[in-house]
Amino acid sequence: MRNIEIMAATSARHPREGYDRRAERARLSFRKSARKALHREERLNLVEWTERKRRHGRFSKSPGSKVRIADLEVTRGPFLWFTEPGVREIGIQACTQSGKTFLMESVAGWVMHIAPGPILYVGPTIADAVQFTDEKFMQMVEATPVLKPKINTSRTSGNTNVRKRFPGGRMRAVGTEARGGFTMVADQYLLLDEIDGHGNAGGDGDTYLLAKGRTPEFAHSYKLLAVSSPTVEDRGKGLPSINKIYKSGDQRLPFVQCQNPECRHDHFMEWQPERTGEPSLHIPKRDDDARGDFMPDGAGYVCPKCRHVHTNTERLRMLRTGAIHWRATKKFKCCGVWQDPRERWEACDQTPGDYAAQWQPWGEPLGVPSIGYGDRGVDRARCQVCTKMPVPNRIATGHYGRYYRPQFSLAEMAHEFVEVIRDPSKRRAYWNTILGLPYADSKSQALSSDNLDARGEIWETRIIDDQTGEWEYVVPWGVAMMGVGIDVQLGSADGTGSRFALNRKGWGAGEEVYVLDYRETTANTRDVSEWERVILPYIEHAMQRADKRPFMPMYVCIDAGNNPDQASEFVARHRARLFARGIHLFAVKGLRETGAQSWRTWAGAAQSAKAFEKFNDANVRLWNVGTREAKDTISSYLRTEAGPGTVHYPRGIGRHWIDGVLAEDQVEKGGRLVWEHLRKSVKNEPLDTFVYNLAGLRAIQSMYPNWSLAWQAAQVGAITPAIRSVEGEDANAPGSAIADAAVRLHGALTALAAREGSAASQSSPTPTVPKPAPVEVELDEPWIAETGWHAPVMPWD
């Protein structure tokens, strides 16, 4: 009875206390059960999830350990952009080994754990896709406790190398060889890896646009992440480009502070700032003399404002946790005024008031103590008139290079740059992989028919047949030797379209090129007698300089790709006779490069050529020509407007030749740039004959190592470097100031050649060249006998 009274008294004092406790417990239990049933986890941004949940895979340097974003601080910004309000697409243009794939792995893990949905990974090839899922994605899943239970790895699970299912979603991995991966299904999260290596999806076009076509069902929630090291500025139509994606976004750059206490300038570490126009990587030399040896181990980074040279230790201090701040720098027009946020910020005093007036912190907080201005994922630019943010952040794009990766020292960058100085062919790789920049030849303007047409020169002409009025150009003073390239078009069986394209080229010191003549002749190329009728008079004709000095070709390269039987027969008949006159006759065939093999311009004799095997003479061979390297060289020559490699041609050469040398374009195929004849309405024979002429020069250089164009120029009295003719005075006219300069320079050139010849004789032995048997040659032009012309004298004669 007593217990009943106590309980009644307690209930009277607290009528709802027991009920409230039970109700609270029920609510907590329901929430826990509902969260578990709905797979809802604590809402973390990508940085928080990566540092709290993710673990390193078993093939990393520290398997099973936690991940620290601070190890590569520059990636903190891109990690925060993924959950930034308003952002739908992210593009990262960066150097190699810069955390791009690491970012993709974290995005895939975050989606699986926090916001499940269908994921599409697109690699350059299906092999790349398999490699990503096996060696990257699954290694992360197995090492991360919150992810491992979500993917069933048993044989009966239905998962494959390129398809993984998890609660609430799935991940597909495809390549760009065909369009199958971009059809039928919708995707919410798109991961485009190394996009500059993507093909055109079997001819369907830009994979960036095709991937976005998979998102209509998730128009307000999709996320696209595209990352790549760049290749070239414009990859061509139908191919995606990370450089184009970067320019289409708000162009975010990572800013750091100079470590000079008197400066503290906030800036972006780039290779060549516009303010200075000089590389920011300082490489000291052993001597003050400009010719002193480089000392890359003492390299430093130069502040663009105070010119303070940072040591590698100071550079690492610039990259410490919380010291890198991303800012959107895209130029914009607002309130009727064009504004450049980056230029405005780097030009001001950078006071707290300047920062507040120019930038608006936006997005997720950094999550670490900030050093310098900014405590968010990005600073967006304000208009200086209305203070609004005119540039939308829907497409967030960023760029950075090797400067921002602390694991690579300045000395390593300097060593690689010294290699570029010594071998310019490595420049593109350095630009793409170290600087994270698209490669472009900046030493001259872009090629166009109008540009080349305007560069034509005034050349003197002479009459070679008084009866017919036939004329030709006088050989310019810069020519040291001459060669001929001949392209042969087979045509149809009835002879339609059958023709020869013949081109004389002059070569000067420094490989300056002179287009002496170009013509196309219709003939039946299936008949060897037609070859003799057209080709022999052309190659045995001697052109003249203004002082009556004759020039005959030192080499003749004939295309044998379409007519191997006729070419082999022609070479066998006339090789010895022409060689006796100092003319080397070659039958050549261009090598079309489809794989990773890169052929030299003069690629040596063909291993198997049936049309040539019937001749016992080992000198009657088919020679291979690496057309890609040759066309790369010719493109560089055409872009050069002065100095070594310049292409000289008369104004009367004709638009047909100019359009022909520009008939082919570089396009991306399988991650490599190749030359393609896309404009079929324009004949490419002028380019082909240029290739054969360059191959002929390379053949002479490889056969006779002691011979050089500089030596040959001195022998014939050529001007080096060539002086371009000007309006009102012809360089070839006797008595002109330029012709007089040729005479004055001849003595200096002869002395130079003597020194080069002496050095060459000491460095390499004189080659043993078999002397051909004397052949009686009938001079077909009287003036040759009058001038005493003979075959070119070689240094070993």
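What follows is a walk from the whole chain down to single residues.

**Before you click**

This is a predicted model, where local features need pLDDT of at least 70, side-chain atom pairs count only at pLDDT 80 or more, and totals for chains, interfaces and linings use all residues. Residues are numbered from 1 along each chain as its sequence is written, and side-chain values use heavy atoms, with hydrogens and water left out.

**Stop 1: the whole chain**

Start with everything shown. The secondary structure comes to 23 helices and 31 strands; both are DSSP runs numbered from the N terminus, helices being H or I with at least four residues and strands being E with at least two. Of the 797 residues, 50% count as buried. Buried means under 20% relative accessible area, exposed means over 50%, and partly exposed is in between, using a 1.4 Å probe and protein chains only. Among contacts between residues at least 6 apart in sequence, 71% join residues at least 24 apart; a contact is a pair of heavy atoms within 4.5 Å.

**Stop 2: the largest nonpolar core**

Now select Phe137, Leu281, Tyr403, Tyr404 and Tyr430. Within the largest nonpolar core, which has 81 residues, these touch the most other members. Such a core is a set of buried Ala, Val, Leu, Ile, Met, Phe, Trp, Tyr and Cys residues joined through side-chain atoms within 4.5 Å. Helix α5 (residues 100–113) gives this core its largest share, seven residues.

Zoom in on phenylalanine 137. Leaving aside neighbours within four places in sequence, phenylalanine 137 is in contact with Ala108, Met112, Phe132, Ile151, Lys164 and Met171. Apart from this core lies another, of 39 residues, including Trp507, Ile634, Leu662 and Leu694.

**Stop 3: the second largest pocket**

Next, select Gln97, Thr101, Phe102, Glu105 and Lys136. Of the 36 residues that line the second largest pocket, these are the closest to its centre. The volume of this pocket is about 1,200 Å³. The elements giving two or more residues to the lining are α5 and α6 (126–143), and α6 supplies the largest share, seven residues.

How are these spaces found? On a 1 Å grid over the protein atoms alone, a pocket is an open set of points with protein on both sides within 12 Å along at least five of seven lines, a cavity is a set of points where a 1.4 Å probe fits but cannot get out, and lining residues have an atom within 4 Å of a point. Grid points are joined across faces, edges and corners, and a volume is the space filled by probe spheres set on the points.

**Stop 4**

A search of the whole structure finds four cavities of 30 Å³ or more. Which residues line the second largest cavity? Select Asp250, Ala328, Lys330, Arg380, Ala381, Met389, Val391, Pro392 and Asn393 to see its lining. The volume of that cavity is about 60 Å³.

**Stop 5**

Head to leucine 281, one of the core residues from Stop 2. Three strands form an open antiparallel sheet here, in the order β9-β10-β11. β9 (281–282) and β11 (309–310) stand at the edges with a single partner strand each, so one side of each has no neighbour in the sheet. β9 pairs with β10 (residues 300–302) over two bridges; two strands pair if DSSP finds at least two bridges between them. The bridge partner of leucine 281 in β10 is tyrosine 301.

**Stop 6: strand β20**

Color β20 (residues 481–489): eight of its nine residues are buried. β20 pairs with β21 (residues 499–508) in the antiparallel sense over nine bridges, with glutamine 489 partnered by arginine 499. β20 also pairs with β25 (residues 553–559) in the parallel sense, over five bridges, and there glycine 483 stands opposite tyrosine 555.

**Stop 7: the cysteines**

How many disulfides are there? The count is zero, taking a disulfide as a pair of cysteine sulfur atoms within 2.5 Å. For cysteine 306, the nearest cysteine sulfur, that of cysteine 303, is 3.7 Å away. Cysteine 306 is partly exposed, at 30% relative accessibility.

**Last stop: threonine 215**

Finish in the loop between α7 (207–212) and β6 (223–228), where threonine 215 sits. Buried or exposed, threonine 215? Threonine 215 counts as buried, at 7% relative accessibility. Not counting residues up to four places away in sequence, threonine 215 touches Asp187, Leu190 and Tyr222.
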